[in-house]
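Here is a short briefing for a first look at this chain. Keep the sequence and the 3D view open while you read.

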Amino acid sequence: MSPLRFERPLRTVVVLTLLFGWSAVIGSAAHAGERAGQQAAVAVRGGDTLYSTGTRCTVGFNARSGSVLYALVPGRCAQGARTWYADPALTVGVGVTAGVSFPGNDYASVRYTNTAVAYPGEVSLGAGSGTRDITNAANPVVGQSVCHVGRTTGYRCGTVQAVNVTINYGGGTVYGLFRSTICSEPGDTGGPAFSGGTALGIIVGSSGNCGSGGFTYYQPVAEWLSAYGLSVY
């Protein structure tokens, strides 16, 4: 993994806005025939949502190790969750948690197990806005253009403002994040951040808001992929 490029470490410590912005997910029963029809029509991309008992997480990017496919989600969000579904009724199972790193880092991987569901290597830009194909990953550079997609605030763009940022969530300290000039709101956590077709990171927190102005913090994806031996596709 290439090192982050910076002159000296930023040791900024901030208390982040909690961006998950959701309550517990309640499952319900469905007929076997309906489940089969759902699975045939389902595709999970970056920017989409995975559900587990009592929680849900946004997929940052899809990744692979050989023929095995994975979702990259925030570590805090995936803590304590085992089995994941593509729907809030918890009827279309898609995978299981393969690894979680928090604090220190804020990332997790979900191994996809349901071959009846599609897992394109692209990110959704929001309702009616199409998709963006993601072909590689890289470390962010200060001044670089970056866009992200949040579940609440949608598709927004700005620039990378700082790298190697340290933040304190209250529940633990996370190191090596980067910050952009883009605002975020509750519910945006896990959203993909990219520059063109290059994956840069996922949203893990923010300061301020989109009404008065703010910044967003991201877990870099290159470190994450290296830690799990994965690549985007």
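In this predicted model, strands S6 and S7 form a hairpin with five residues between them. Gly 104 in that hairpin has a positive phi near 90 degrees. The two strands run antiparallel and are joined by six bridges.

**The hairpin and its surroundings**

- S6 covers residues 93–101, and S7 covers residues 107–112.
- Gly 99 has Ser 109 of S7 as its bridge partner.
- Pro 103 sits in the loop between S6 and S7.
- A cis peptide bond links Phe 102 to Pro 103, with omega about -5 degrees.
- S7 also pairs with S4; four bridges join these strands, and they run antiparallel.
- Is S7 mostly covered or mostly open? Five of its six residues are buried, so S7 is mostly covered by the cut-off of under 20% relative accessible area.

**The nonpolar cores**

- The largest nonpolar core holds 27 residues. Phe 61 and Leu 72 have the most contacts inside this core.
- Several elements each supply at least two residues to the core, including strand S3 (61–65), strand S4 (68–73), strand S13 (173–180) and helix H3 (221–228).
- A second, separate core has 18 residues, among them Val 59, Leu 69, Ala 78 and Ala 81.
- In soluble globular proteins, nonpolar side chains tend to be buried together.
- Which residues does Leu 72 touch, leaving aside neighbours within four places in sequence? Its contacts include Phe 61, Ala 63, Ala 108, Val 221, Trp 224 and Leu 225.

**Backbone points to look at**

- Leu 90 has a phi near 60 degrees, a positive value in a residue other than glycine. Leu 90 lies in the loop between strand S5 (83–85) and S6.
- Leu 90 has a relative accessible area of 19%, so it counts as buried.
- Asn 164, in strand S12, also has a positive phi, near 55 degrees. Asn 164 counts as buried because its relative accessibility is 16%, under the 20% cut-off.
- Gly 213 lies in strand S16, which covers residues 213–220. Gly 213 is partly exposed, with a relative accessible area of 40%.
- Gly 213 and Cys 183 are 30 residues apart along the chain, and their C-alpha atoms are separated by 6.3 Å.

**The chain as a whole**

- The chain has three helices and 17 strands.
- Of its 233 residues, 51% count as buried.
- The chain exposes about 9500 Å², and carbon and sulfur atoms supply 50% of that area.
- Among contacts between residues at least 6 apart in sequence, 64% join residues at least 24 apart.

**Confidence**

- The mean pLDDT is 87, and 83% of the residues reach 70 or more.
- Where does pLDDT stay under 50? One such stretch is residues 1–18, which have 47 contacts beyond four places in sequence in the model.
- Residues 21–38 also have a pLDDT below 50. Beyond near neighbours in sequence, that stretch has 28 contacts in the model.
- Where pLDDT is low, the predicted coordinates should not be read in detail.

Methods
Residues numbered from 1 in each chain as written. Predicted model: local features only at pLDDT ≥ 70, side-chain atom pairs only at ≥ 80, totals over all residues. Heavy atoms only, no water. Core = buried A, V, L, I, M, F, W, Y, C linked by side-chain atoms within 4.5 Å. Buried < 20%, exposed > 50% of the residue type's maximum accessible area, 1.4 Å probe, protein only. Contact = heavy atoms within 4.5 Å. Areas by Shrake-Rupley, 256 points an atom, 1.4 Å probe, with all protein chains shown as cover. pLDDT = per-residue confidence, 0-100. Pairing = 2+ DSSP bridges.
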